[in-house]
Amino acid sequence: MKSVNQEAIEHDPQQLHNDLHAIWCNPKGLRSLTIVNHTTLGLRFMVTGMVFFLIGGILAMLVRTQLAMPDQNFMSPEIYNQVTTMHGTVMMFLFAIPMLEGLAIYLIPKMIGARDLVCPRLTSLGYFCYLFGGIILTSSLIIEMAPSSGWFMYTPLSSKEFAPDLGSDFWLLGITFVEISAVSAGVELVVSILRTRTQGMALHKMPLFAWYILAMALMIVVGFPPLILGSILLELERAVGMPFFQIAGGGDPLLWQHLFWLFGHPEVYIIFLPAAGIVSTLIPVFAGRPIVGYGWVVFAIIVTGFISFGLWVHHMFTVGIPQLAQAFFSAASMLVAVPTAIQVFVWLATLWLGKPKMKLPMLWVMGFLIIFVCGGLTGVMLALVPFNWQVHDTHFVVAHMHYVLVGGMFFPLIAGLYYWLPLFSGRMPSENLGRWGFWLTFLGFNGTFLIMHWTGLLGMPRRVYTYEAGSGWEIYNLFSSVSSFVLSAGIAMVLLDIALHFRYGKPAKHNPWNADTLEWANTMPPSAYNFVSLPNVGSRHPLWDDPNLPHTMKEGKHGLAVATHGRREMYGTDPITGKIREIIHLPGNSWWPLFAAAALAVVCLSLLTEVYALAGVFVIIAGVFLLRWSWENGAHPSAAPNADVATGDPPLHSRTMDGPGLWAMAVFLIANGSFFLSYLFGWFYLWTVSPEWRMPDIPPLSLLVMVLAGLALLAGSTVIEKLLRGLREQRDGRLAAGLYLAGGLGTIQAVLTGWALFSAELSPTQTTHDAVMLVGLFYALFHGGLAVILTVLQALRVGYGYVGAHAPFEPAVVALLWRYNVITFWLLIGALAVLPRVIGG
C-alpha cells in the first residue's frame with residue numbers, strides 16, 4: 001500500500017532525490033571524519049589496504065634482492081628478520097583481510113538492495129581501529145624496532161628471553177587492535193546480510209557473492225578470537241611475567257601454535273571465499289548465462305567454512321603430535337579439496353555452456369583458475385604427513401602459500417576491481433594497459449614462485465637471510481628474484497591503469513557489462529543513499545529479468561520512497577524469506593567512533609611505553625566514549641527525530657522486540673564465546689599436556705563464594721527475563737525499578753567474584769595455573785561489570801522516555817548479555833572450582 005507522501009513524490013522524483021541527499025549526504029572538510037556511510041568507508045578501507053599492500057610489496061622486493069645471489073650483505077640478519085616478519089604481517093593482516101572486507105562493505109548493501117550497513121558507526125569504528133593499528137605496527141619499521149620472530153610469532157622466539165626489544169609488543173598490540181576492526185566488520189556484515197535484504201530476496205535468491213561474504217564474516221567472528229586471546233596471553237607474559245608459554249612455570253609454547261592456527265588456517269579460507277565470490281559473480285556475467293549449480297556452490301561454501309576449522313594442526317605435523325591426530329588432520333586437509341573442486345567444476349561448466357567474452361576482468365579470472373588449481377594440488381601434497389615432514393620449513397611451503405593466497409586472492413581481487421571500476425567512477429578501464437599489467441603479473445608471479453618449489457625440494461630452508469655459493473640454489477634464486485621485479489612491474493602497471501582511468505577513462509554506459517545484480521541499478525558513481533526506492537525482488541537475476549528496474553527505482557516507484565521524516569531508513573526483512581518485518585532507522589554521522597578508536601590507540605601506545613597508569617585512564621575514557629555513543633540510540637531524538645510511519649508501513653525497529661541491534665549483540669556474543677571457549681581449551685590443554693603443570697593440593701578458589709556469585713547472577717538474569725515478558729505484553733510498570741534491582745544483583749555477583757579472586761591469593765607470575773585462573777576471573781569480572789553498567793543505563797533511559805512499552809527493544813539486547821554471562825560464569829565455576837576438586841591435578 002502506498003502512502004500519500006509516496007504518491008505525491010512520484011510526480012516530483014527530483015524533490016525526492018533532494019530530500020534524500022539532504023539526509024544522507026557526506027559532510028566536507030574536517031567533519032568528513034564523522035562519515036559513517038558504507039560507500040565512503042568501504043573505499044577508505046580499500047585505499048588504506050592498497051597503501052599497506054605497497055609497503056608489503058616493497059618489503060618483498062628487499063627480501064628477493066637479498067636472496068638473489070649467495071653470500072649477500074645487502075641486509076643484516078636482524079634487519080632481514082624484521083623485513084620478512086613485517087612482509088608477512090602486512091600482507092596477511094593489513095592488506096588481505098581489510099581489503100576484502102572493504103570491498104564487501106562497499107558492495108553488500110548495493111547488492112542486496114539496502115541503503116547502508118545496519119550498524120554504520122560500528123563500520124566507522126572498525127576503520128579507525130584498522131588505520132591506527134596499522135600505523136602503530138608499521139611505525140616499528142621506521143624506528144628499526146619491528147618484530148623479527150616471523151609473522152606467526154612462535155613462542156619462545158617471540159618471548160622476552162629471545163626477543164627482549166619492543167618488536168613483539170608492536171606486533172601483539174597492533175595486531176590485536178586491527179583484529180577489533182576485523183571482528184567489527186564481521187558482525188556488521190553478518191547482520192546486514194541476514195536482516196536487511198530488500199523485500200522478496202529470500203536466502204535462496206540471494207546473490208552468490210553475498211553467500212560468500214556471509215560465510216567469510218561468520219568465519220571471522222569465530223576464527224579471530226583465538227588469536228586475540230593468544231596475543232593477550234603472550235603480551236601478559238612479556239609485560240608482567242605470567243608464564244603461559246614457559247614450560248618451567250607449567251605453560252607450553254605449543255599452546256601458542258594451537259591458538260594461532262585455530263585462527264590461521266581458517267584465515268586462508270576467509271581470504272579465499274570472498275575472492276571465489278568475485279569469480280562466481282563475474283563468470284555468469286561474461287558467460288552470458290546463470291551459474292550452473294547455484295545450490296551446489298552454496299553447499300560448497302558452507303562445507304568449506306565448517307571443514308576449515310578442523311585443519312589447524314595441518315601446520316603442526318612436525319611438532320610431535322600423536323599419529324592418530326596426524327592421520328585425522330591429514331584426512332581433513334585432503335577433504336577440504338572436495339568443496340573447492342565443486343566450485344571449480346561449476347565455474348568451468350558455466351563457461352562451457354555459455355558464450356564467454358574475454359574482457360579484461362575475465363583475463364584475471366582465467367589466471368586465477370590456473371594458479372589456484374596449482375596451489376590446491378601442492379596443498380594436497382602437503383596434507384600427506386611423510387611429504388610434509390620432508391618439505392616443512394622449506395621454500396616449497398613458501399611457494400605453496402603464495403600460490404594459494406596470491407593466486408587465490410589477488411588475481412580475483414584485481415578482476416573484481418576492474419569489473420566494478422565503472423561503478424566506482426563512472427569510467428571504463430584501459431584494455432591495453434590492463435592486459436599489459438595482467439601478463440607481466442602472471443608471468444612474473446609464476447617465474448617467482450614456481451621456481452621456489454624447486455629450491456624447496458632441493459632443501460633451501462625458509463627464514464634464512466643468505467646461503468653459500470655452490471649449494472645448487474643460485475640460478476633458481478636469481479631467476480625468482482628477476483621474476484619478482486617483473487611481477488612488481490605488472491602490479492605497477494595495474495595500479496597506474498586504475499589511477500589514470502579516474503581522469504582519462506572512457507565514460508561508462510549504464511550497466512556496461514550487462515550484469516544481473518542490483519548494484520548496477522545504482523548511479524555511477526553511486527549516491528550516498530544507494531537507491532531512491534527499494535524494490536521487491538523475486539529473482540536471482542533482477543536486472544536480467546527486468547532491465548527497466550533501475551529506472552523505476554530511480555523514479556521512486558518502489559518501497560520507502562519518502563524522506564520527509566528526516567530519518568535514514570531501510571527495510572528490515574526476515575532472515576529466511578525476505579519478507580518485510582520493520583523499518584530500520586540508522587544513526588547519522590558521528591564523532592564517537594573516531595574518539596573511541598583514538599582513545600584505544602592511546603591505550604596501545606601507553607602499553608608499548610609501559611605507562612600503565614595512562615593506559616588505565618584511557619581505557620576508562622574509551623569506555624565513556626562508547627557508552628556516550630550508545631546513548632544516542634533507539635528512541636533517542638537524534639536517532640529517530642520522527643517516529644511516525646506511513647499508513648501501511650511496518651513499525652520502526654526500535655518499537656519492536658527484534659531489531660538489528662539484537663542480532664548484532666547475538667553475533668558479537670558468538671565471537672565472545674569463541675574467545676571464551678579458546679580460553680577453556682587453553683586451560684584443559686595445559687592441564688593435560690604441559691609436563692610442569694602444577695595444580696595446588698588445596699584448590700585456591702572458594703567454591704562457596706563462586707556459587708553464591710553465580711546465584712546472584714542467575715537471579716539478576718531472572719529479573720531481566722521477567723521484565724522482558726512484561727514488555728512483550730506491553731506492560732512497563734516498575735520497569736526502571738526492576739532494572740535497578742537486576743543491576744544490584746549483578747553488583748553482588750561482581751563483588752563476590754572480586755572477593756573470590758582476592759582471597760585466592762594467586763601467584764600468577766610463578767605458576768601458569770594461577771595465571772590462567774586470574775585471566776578467567778578477570779573475564780568474569782569484566783562481563784559482570786559491563787552487564788551492570790548497561791542495565792543501569794537502561795533504567796536511566798526509562799526515566800528519559802527512551803525505553804518502555806512504546807520502545808521495548810533495548811532491554812532485549814541487554815538480556816542477551818545477561819544470558820551469556822550466566823552460561824559462561826557457571827562454566828567457569830565448573831572448570832576452575834569444581835573439576836579440580838573432583839579430578840585433582
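A charge sits over a ring if NZ of Lys or CZ of Arg is within 6 Å of the ring centre and within 35 degrees of the ring normal. The model shown here is predicted, so local features need pLDDT of at least 70 and side-chain atom pairs count only at pLDDT 80 or more, while totals for chains, interfaces and linings use all residues. Residues are numbered from 1 along each chain as its sequence is written, and side-chain values use heavy atoms, leaving out hydrogens and water.

**View 1. Charges over tyrosine rings.** The charged end of Arg540 lies over the ring of Tyr294, 3.7 Å from its centre. Lys110 does likewise with Tyr106, its charged end being 4.4 Å from the ring centre.

**View 2. Helices α3 and α4 side by side.** Helix α3 (residues 38-67) packs against helix α4 (residues 77-111) at about 155 degrees, and their axes are 7 Å apart. Axes here are lines fitted to C-alpha atoms, for helices over the stretch in contact, and angles run from 0 to 180 degrees between N-to-C directions. Helices (H or I, at least four residues) and strands (E, at least two) are DSSP runs, numbered from the N terminus. The two helices are therefore roughly antiparallel, a label for angles over 145 degrees. Their contact residues divide into 24 nonpolar, ten polar and one charged; Ala, Val, Leu, Ile, Met, Phe, Trp, Tyr, Cys and Pro count as nonpolar, Asp, Glu, Lys and Arg as charged, and the others, Gly among them, as polar.

View 3. The structure holds 63 aromatic pairs, meaning rings of Phe, Tyr and Trp (its six-membered ring) with centres within 6.5 Å. One of them joins Trp151 and Trp261 edge-to-face, 6.1 Å centre to centre with 85 degrees between the planes; edge-to-face needs planes over 60 degrees apart. Trp151 lies in the loop between α5 (120-142) and α6 (167-195) and Trp261 in helix α8 (residues 253-287), so the pair ties together parts 110 residues apart in sequence. Trp151 is buried at 10% relative accessible area, and Trp261 is buried at 6%; buried means under 20% and exposed over 50% (1.4 Å probe, protein chains only).

**View 4. Backbone exceptions.** Most residues other than glycine have a negative phi, and most peptide bonds are trans. Thr155 and Pro156 are joined by a cis peptide bond, with omega about 5 degrees, and Pro156 is in the loop between α5 and α6. Glu761 has a positive phi near 50 degrees. This glutamate, Glu761, belongs to the loop between α23 (735-759) and α24 (768-800) and is exposed, with a relative accessible area of 68%.

How values were computed:
Parallel < 35°, antiparallel > 145°, perpendicular 65-115°, else oblique. Phe/Tyr/Trp six-rings, centres within 6.5 Å; stacked < 30°, edge-to-face > 60°.
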